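Open the model in your viewer and keep the sequence panel beside it. The stops below say what to select and what is there.

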Amino acid sequence: MKFSFYGENKSPEFTFNWMLGTNSASAPEGLQSYAVIFHDIENATARGPADTLHWSAFNIPGNAKGLPEGLAAGDLPDGTRNGPGIAAGRPNGTPSYFGPGAGPGPFHHYVFEFYALDTKLNLPANTTRDELLKAMEGHVVGKAAYVGRFHRMP
């Protein structure tokens with residue numbers, strides 16, 4: 001609940017670890033940046049096939065060891081840019097993390113997708129998820145996903 005809309009609504013801490021099978025490995029040569037996309041795969045947006053994008057961030061420096069808990073909103077001093085997500089449409093409009101917020105009912109599965117890129121992305125913060133994915137095309141040198149589920153009791 002701490003990281004949900006109903007709790008403190010702040011992003012969780014993540015540590016980046018490179019693995020080759022079950023063995024620790026070094027980051028690939030040419031790693032320039034990371035991107036993260038966080039979405040609710042059960043919730044359809046605007047009655048269409050797209051799921052709900054809660055948050056994204058890109059241009060996280062390639063030498064980053066992870067993401068701190070409670071990543072600040074907007075553009076950060078290290079070059080990290082909070083990108084598209086549902087918080088960007090909220091009253092202050094600043095792109096930022098927006099935690100799980102499923103209502104009563106079945107579980108919702110939330111996915112954090114982490115991308116390691118051989119480039120920095122020249123995109124504005126108000127880019128769309130499709131534009132973000134298109135810009136990453138041909139530049140992904142690593143990918144990982146973390147899946148969790150959320151269920152708020154009535």
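Which residues have the most contacts inside the largest nonpolar core? Select Phe16, Val36, Trp55, Ile60, Leu67, Phe112 and Phe114: they have the most contacts inside this core, which has 20 residues. A nonpolar core here is a set of buried Ala, Val, Leu, Ile, Met, Phe, Trp, Tyr and Cys residues joined through side-chain atoms within 4.5 Å. Buried means under 20% relative accessible area, exposed means over 50%, and partly exposed lies in between (1.4 Å probe, protein chains only).

This is a predicted model, in which local features need pLDDT of at least 70 and side-chain atom pairs count only at pLDDT 80 or more, while totals for chains, interfaces and linings use all residues. Residues are numbered from 1 along each chain as its sequence is written, and side-chain values use heavy atoms, with hydrogens and water left out.

β4, β5 and β8 each supply at least two residues of the core, and β8 gives the most, with 4 residues. Strands (E, at least two residues) and helices (H or I, at least four) are DSSP runs, numbered from the N terminus.

Centre on Ile60. Leaving aside neighbours within four places in sequence, Ile60 is in contact (heavy atoms within 4.5 Å) with Phe16, Gln32, Ser33, Tyr34, Val36, Leu67 and Thr80. Then select Phe58, Leu123, Leu132 and Met136, which are among the 10 residues of a second, separate core. In soluble globular proteins, nonpolar side chains tend to be buried together.

**The sheet**

Switch to a cartoon view. An open sheet is formed by 5 strands in the order β7-β5-β4-β8-β9, with antiparallel pairing. Two strands pair if DSSP finds at least two bridges between them. At the edges stand β7 (81-82) and β9 (140-150); each has a single partner strand, so one side of each is left without a neighbour in the sheet.

Walk across the sheet from β7. Antiparallel pairing of β7 with β5 runs over 2 bridges, and Phe58 stands opposite Arg81 in β7. In β5, 11 of the 11 residues are buried, so this strand is largely enclosed by the rest of the structure. β5 is joined to β4 by 8 bridges, again antiparallel, with Ala44 opposite Asp51. The two strands form a hairpin with 6 residues between them, and Ala46 in the turn has a positive phi of about 50 degrees.

Now show helix α1 (residues 129-136). This helix lies across β4 (33-44), β5 (51-61), β8 and β9, at about 140 degrees to β4. Axes are lines fitted to C-alpha atoms, for helices over the stretch in contact, and angles run from 0 to 180 degrees between N-to-C directions.

**Aromatic rings**

Show the side chains of Phe14, Phe16, Tyr34, Phe38, Trp55, Tyr97, Tyr110, Phe112, Phe114 and Tyr146, which form one aromatic cluster. Rings of Phe, Tyr and Trp (its six-membered ring) pair if their centres lie within 6.5 Å; planes under 30 degrees apart count as stacked, over 60 as edge-to-face and the rest as tilted. By this rule there are 10 aromatic pairs. Zoom in on Phe14 and Phe114: their ring centres are 4.8 Å apart and their planes are at 65 degrees, so the pair is edge-to-face. Phe14 is in strand β1 (residues 14-15) and Phe114 in strand β8, 100 residues apart. Both are buried.

**Salt bridges**

- Select Asp51 and Arg129, whose side chains meet at 2.7 Å, N to O. Asp51 lies in strand β5 and Arg129 in helix α1, so the pair ties together parts that are 78 residues apart in sequence. Both residues are buried.
- Select Lys2 and Glu69, a salt bridge of 3.1 Å, N to O. Lys2 lies in the segment before β1 and Glu69 in the loop between β6 (66-67) and β7, so parts 67 residues apart in sequence are tied together. Lys2 is partly exposed at 37% relative accessible area, and Glu69 is partly exposed at 33%.

Conventions
A salt bridge is a side-chain nitrogen of Lys or Arg within 4 Å of a carboxyl oxygen of Asp or Glu.
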